[in-house]
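Please read the report below alongside the sequence and the model.

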Amino acid sequence: MTLAAFALTVVLGLLLRSGRLGGRSQFEDWADPNPPSTGFLEESEAPNRGLVDRPVPGWMLTTTGLAALGLAAYVAACAYSPSPEEVFRDMAVIKADYYGEIGAAARESPLHHLDLLERQTARLGIGSALRLRSPGAEAQESASALRRDLLRLREATAVHGPEDARRVFQEVQTTYDRCKKAYGVH
């Protein structure tokens, strides 16, 4: 994207220099050859316009504004949907917290950690696609298998108890490792 932005800047500069985006410009246009002697000019004494003082076409301002808005939306989407590496790093912490909370008397805390794991799993495909690495079929299948296993783990945690939840957690760990490998995270 940086290379494309640089190429666009060069092309726009060449078009501006050639006169296709307004009056033809020269390097000497940057400085005013006839600076005013007093601070006040009469209309007949108006100096030649420098390159910086030229009027900018409305379509160029609109295009620049839309490009800036698109870039801001892309940055916001990348912030909301982190890269798979960041997702798996966060999931490792959440899994450790969940495993420590399995035996707790109140089941709200482990269920909360499962909610967090499900949210992170949902962000995997989007975060990968935003970084121009579309997840392959294997990665998508392993992410859906992880979501299914997390639902099984939720049921084991909420209904069956800590022993069954620990057993299902080991199965989820196998699916998690397969998903991590499918997304190319080491």
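## Basis of the model

This is a predicted model, in which local features need pLDDT of at least 70 and side-chain atom pairs count only at pLDDT 80 or more, while totals for chains, interfaces and linings use all residues. Residues are numbered from 1 along each chain as its sequence is written, and side-chain values use heavy atoms, with hydrogens and water left out.

## Overall fold

The protein chain contains six helices and zero strands, where helices (H or I, at least four residues) and strands (E, at least two) are DSSP runs numbered from the N terminus. Read from the N terminus on, the order of elements is α-α-α-α-α-α.

Of the 186 residues in the protein chain, 27% are buried. Here buried means under 20% relative accessible area, exposed means over 50%, and partly exposed lies in between, with a 1.4 Å probe and protein chains only.

## The pairing of α5 and α6

Two packed helices are described by the angle between their axes and the distance between the axes. For helix α5 (residues 137-160) and helix α6 (residues 162-182), the axes come within 9 Å and cross at roughly 165°. Because of that angle, α5 is roughly antiparallel to α6. The axes are lines fitted to C-alpha atoms, for helices over the stretch in contact, and angles run from 0 to 180 degrees between N-to-C directions; angles under 35 degrees count as roughly parallel, over 145 as roughly antiparallel, 65 to 115 as roughly perpendicular and the rest as oblique.

The crossing of α5 past α6 is left-handed, a term used if the near helix is turned anticlockwise from the far one by less than a right angle, with clockwise giving right-handed. Leu151 is placed in helix α5 and counts as exposed at 51% relative accessibility. The C-alpha atoms of Leu151 and Val172 are separated by 10.0 Å, the two residues being 21 residues apart along the chain.

## Salt bridges

The structure holds eight salt bridges, each defined as a side-chain nitrogen of Lys or Arg within 4 Å of a carboxyl oxygen of Asp or Glu. One of them joins the side chains of Arg152 and Glu171, at 2.2 Å from N to O. This pair links distant parts of the chain, with Arg152 in helix α5 and Glu171 in helix α6, 19 residues apart. Both partners are partly exposed, Arg152 at 37% relative accessibility and Glu171 at 32%.

Glu171 also forms a salt bridge with Arg167, whose closest N and O atoms are 3.1 Å apart. Because Glu171 and Arg167 are four residues apart in helix α6, they are separated by about one helical turn. Arg167 is partly exposed, with a relative accessible area of 45%. Salt bridges that share partners join Asp149, Arg152, Asp164, Arg167 and Glu171 into one network.

A further salt bridge brings together the side chains of Glu141 and Arg148, at 3.3 Å from N to O. Glu141 is partly exposed at 42% relative accessible area, and Arg148 is partly exposed at 46%.

## A nonpolar surface patch

Leu3, Phe6, Val10 and Leu14 make a nonpolar surface patch of about 450 Å². Patches are made of residues with over 30% relative accessible area and no salt bridge, like charges being joined within 9 Å and nonpolar side chains (Val, Leu, Ile, Met, Phe, Trp, Tyr) within 5 Å. Accessible areas come from the Shrake-Rupley method with a 1.4 Å probe, and for residues only the protein chains shown count as cover.

Phe6 is exposed, with a relative accessible area of 56%.
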